[in-house]
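Me: I have a model open on my screen and would like to understand the words used to describe it. Could you take me through them?

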Amino acid sequence: MGKYSIYKLPSDILKDTASKHRDLRKKAKLSQAELAERSGVSLGSIKRFESTGQIALESFLKLLLILDRLDDFDSVLAPKGNENDIEKLFSSKTRKS
């Protein structure tokens, strides 16, 4: 968390994501080199990601695919709240002419 904040900063999330990824890779019994070969992501990119959290989005998605976690990513930008409320905003009954 930030030095003066109760909320996580992007840098905190990067480190947490890298750590979680490393744990998933090890649980799957894959070395960094094996994951690189299977995913098409360079070994250097995987090493950098696991140490700094920095990686291109497409490469990250490729890694998630190999680790069978790609579906989890769909929920990242899912609408919050009740989807029916969103539909009401665009309903012809609620709009004024």
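Reply: Gladly! Axes here are lines fitted to C-alpha atoms, for helices over the stretch in contact, and angles run from 0 to 180 degrees between N-to-C directions. Helices (H or I, at least four residues) are DSSP runs, numbered from the N terminus. This is a predicted model, where local features need pLDDT of at least 70, side-chain atom pairs count only at pLDDT 80 or more, and totals for chains, interfaces and linings use all residues. Residues are numbered from 1 along each chain as its sequence is written, and side-chain values use heavy atoms, with hydrogens and water left out.

Me: Why are α1 and α3 called oblique to each other?

Reply: Helix α1 (residues 10-27) and helix α3 (residues 43-52) pack at about 120°, their axes 7 Å apart. Angles under 35 degrees count as roughly parallel, over 145 as roughly antiparallel, 65 to 115 as roughly perpendicular and the rest as oblique. The pair is therefore oblique.

Me: What makes the contact between them?

Reply: Contact means heavy atoms within 4.5 Å. On α1 the residues include Leu14, Ala18 and Arg25, and on α3 they include Phe49 and Glu50.

Me: What makes up the largest nonpolar core?

Reply: Such a core is a set of buried (under 20% relative accessible area, 1.4 Å probe, protein chains only) Ala, Val, Leu, Ile, Met, Phe, Trp, Tyr and Cys residues joined through side-chain atoms within 4.5 Å. The largest has 11 residues, among them Ala18, Phe49 and Phe60. Helix α4 (57-66) gives the most, with 3 residues.

Technical notes. Helix = DSSP H or I, 4+ residues; strand = E, 2+ residues; numbered from the N terminus. Buried < 20%, exposed > 50% of the residue type's maximum accessible area, 1.4 Å probe, protein only.
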